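Visitor: Hi! Could you walk me through this one in plain words?
Guide: Happy to, have a look first.

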Amino acid sequence: MAAASAMARKERYAVGLMSGTSVDGIDAAVIRIAGDADGSGTGTGGEDAGGQPDVQLVAFANTAFPAAVRDEIFELFDPSRATIDRVGRMNVRLGELYAEAALSVIASAGLKPEDIAVIGSHGQTIYHAPDAFIEDGRDLRFTVQIGEGAVIAARTGIPCVTDFRVADMAVGGQGAPLVPFTEYGLFREADRTLLLQNIGGIGNITVLPAGCAPEEVYAFDTGPGNMLIDGVVSRLYGGERTMDVGGAIASAGKINRQLLEILQDEAYYALPLPKSTGRELFGSVYVDELIAYRDAHGLTAEDLVATVTMLTAWSIGDAYRRYVQPSHAADVMLVGGGGSYNPSLLGFLKQEMGPMGVEVLVQEDIGQSSDAKEAVAFALLADYAIARRTNNLPSVTGAARPVVMGKISY
C-alpha cells in the first residue's frame with residue numbers, strides 16, 4: 001500500500017489531529033520527520049545524532065465543529081445523557097469530520113494522501129477516570145475518547161492511530177499527560193530548566209530539568225485552563241460568547257479576593273503526583289456553583305471572569321511552587337494552547353512567575369506555534385506507534401513500564 005512505502009522512507013510525513021476539552025474544533029497538522037522510522041541509523045527513529053527528533057511543521061489548520069456537533073459533545077460529557085446509541089453515533093460522525101480535516105490539511109500542504117505515512121488522532125475525550133477503582137481485586141481505571149479511527153483510515157486511505165491513553169492506563173498509568181513524551185524530544189536543553197505550560201481547557205505542565213534523561217521528566221495537570229473561563233462566559237452571555245476573546249472581559253473586571261480564596265481551597269491542587277484532571281471536576285457543575293456565588297454576592301460578569309482567569313494563573317504558579325521550584329528552579333516557561341492568546345491571563349501569569357525568576361514566553365516567541373503543538377505531538381506519537389516503538393513516559397504518567405500507545409486502523 002502507498003502508506004507503507006511512505007512509512008519506509010527516511011523522510012516521511014505524518015498528520016496529527018487534536019480536539020481538546022474546550023471543544024473549539026479540530027486542530028490538524030502535517031509534519032515532516034527525517035530519520036529511520038524503526039530507530040536504526042544515526043538517531044533513534046526520526047532523531048538526529050543528539051537523540052532529538054528532526055521534525056518540521058509543514059501545515060496547520062483549525063476547523064470549527066458545526067454548532068450542533070459541539071452542542072451534542074457537551075451533552076455527552078454528562079454520563080446520564082451519554083447513552084450508548086448517542087456515543088456510538090457521535091463516534092463515527094467525528095471520524096468523518098476528522099477525516100475531512102486530515103484531507104484538507106494534507107491538500108493545504110501541497111501533498112496527496114499517498115504521501116502521508118500515518119495519521120495520529122487524539123479523539124475527543126468525553127470521560128476520563130484515571131484513578132484506580134478496585135472491584136473484585138481488579139484495577140478498573142478507564143478513559144473514553146471518540147472519533148473512529150477505522151472511519152478516518154477508510155476515508156483517507158492512510159493508517160490511523162487512535163485511542164492512545166488506554167495502553168498507559170492498562171499498566172497503572174494515568175493515561176495523561178501524553179504530550180511530555182514529544183516535548184522531551186523537541187524542547188529539552190542542556191543548560192536551562194524549561195517549563196512547558198499548555199493552557200487548553202485544562203492546564204498542564206511539563207518540567208524539563210537541564211540536561212535531563214527521559215526518566216527525570218515529570219508532568220501533571222495544574223488545574224483549569226480555559227475551561228472555567230469559557231464556561232462562565234457562555235453562561236453569563238447566554239451563549240452569544242463562548243470565550244473571553246483577547247481577555248477583554250477579564251481586563252474590564254476586578255478580582256474578587258474572597259471568591260478566589262474559596263476556589264484556591266480546591267483539594268486537587270494539593271494532591272500528590274502523578275495526577276490529572278478534567279471536565280469531571282472543573283465542568284458544568286463547577287460552573288453552576290460559580291454562577292450561584294455570583295448571583296448571591298452581586299458580582300459583575302467582568303469581575304467573575306477576572307477572578308476565574310486569575311485562578312488559572314494562580315493554579316499554575318501554585319503548582320510550580322509546590323512541585324517544581326524546591327528541586328528544579330526554572331529559567332523559562334513556554335506557554336502554548338488557546339490560553340496563550342489571552343493577554344489578561346498571560347499578564348496574571350507573569351505576575352505569578354516573575355517574582356520567582358521565571359520568564360514567561362509563548363511558543364511564537366521561539367518560532368513555534370501555540371495552536372499546533374498538540375496536533376504535532378500526536379502526529380509524532382503515531383509515528384512511534386506504527387513503528388512499534390514505546391511512546392509513553394512512565395515518570396510522567398505513573399505507568400509501571402514503557403508501552404506502545406495507540407490502536408492502529410488500516
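Visitor: Which residues of α6 are buried?
Guide: In this predicted model, the buried residues of α6 are P180, F181, T182, E183, Y184, G185 and F187. Buried here means under 20% relative accessible area, exposed means over 50%, and partly exposed is in between, with a 1.4 Å probe and protein chains only. Helices (H or I, at least four residues) and strands (E, at least two) are DSSP runs, numbered from the N terminus.

Visitor: Before we go on, what should I know about the numbering and the model?
Guide: Residues are numbered from 1 along each chain as its sequence is written, and side-chain values use heavy atoms, with hydrogens and water left out. As this is a predicted model, local features need pLDDT of at least 70 and side-chain atom pairs count only at pLDDT 80 or more, while totals for chains, interfaces and linings use all residues.

Visitor: Back to α6, then. What do its buried residues pack against?
Guide: They pack against β10 (194-199), β11 (202-208), β12 (218-224), β13, α14 (373-386) and α15 (394-397). Contact means heavy atoms within 4.5 Å. The helix spans residues 180-187 and is mostly covered, with seven of its eight residues buried.

Visitor: What lies over the face of Y184?
Guide: That is R188, at 4.2 Å from the ring centre. A charge sits over a ring if NZ of Lys or CZ of Arg is within 6 Å of the ring centre and within 35 degrees of the ring normal. K275 is likewise placed over the face of Y268, at 4.3 Å from the ring centre.

Visitor: And α7, how many of its residues are buried?
Guide: Eight of the 10 residues in α7 (residues 227-236) are buried, so the helix is largely enclosed by the rest of the structure. They are M227, L228, I229, D230, G231, V232, V233 and L236. Their packing partners are β11, β12, α8 (248-251), α10, α11 (284-297) and α12.

Visitor: What follows α7?
Guide: G238 does, with a positive phi near 60°.

Visitor: Switching to helix packing: at what angle do α12 and α13 pack?
Guide: About 35°, with their axes 9 Å apart; α12 covers residues 301-323. Axes are lines fitted to C-alpha atoms, for helices over the stretch in contact, and angles run from 0 to 180 degrees between N-to-C directions.

Visitor: Which residues make that contact?
Guide: Among them are A306, M310, W314 and R321 of α12, and S344, L345, F348 and M353 of α13. The residues of the contact divide into 10 nonpolar, four polar and three charged. Ala, Val, Leu, Ile, Met, Phe, Trp, Tyr, Cys and Pro count as nonpolar, Asp, Glu, Lys and Arg as charged, and the others, Gly among them, as polar.

Visitor: How many aromatic pairs does the structure hold?
Guide: It holds 10 aromatic pairs. Rings of Phe, Tyr and Trp (its six-membered ring) pair if their centres lie within 6.5 Å; planes under 30 degrees apart count as stacked, over 60 as edge-to-face and the rest as tilted.

Visitor: Why is the pair of Y127 and F142 stacked?
Guide: Their ring centres are 5.7 Å apart and their planes are at 10°, so the pair is stacked. Y127 belongs to strand β5 (residues 124-129) and F142 to strand β8 (residues 142-146), 15 residues apart. Y127 is partly exposed at 28% relative accessible area, and F142 is partly exposed at 40%.

Visitor: How about Y269 and W314, what are their planes at?
Guide: They are at 85° with centres 5.2 Å apart, so that pair is edge-to-face. Y269 is in the loop between α9 (257-264) and α10 (279-282), and W314 is in helix α12. Both Y269 and W314 are buried. Ring pairs link Y268, Y269, F282, Y286 and W314 into a cluster.

Visitor: Last one: which peptide bond into P274 is cis?
Guide: The bond from L273 to P274, with omega near -5°. The bond from A176 to P177 is cis too, with omega near -15°.
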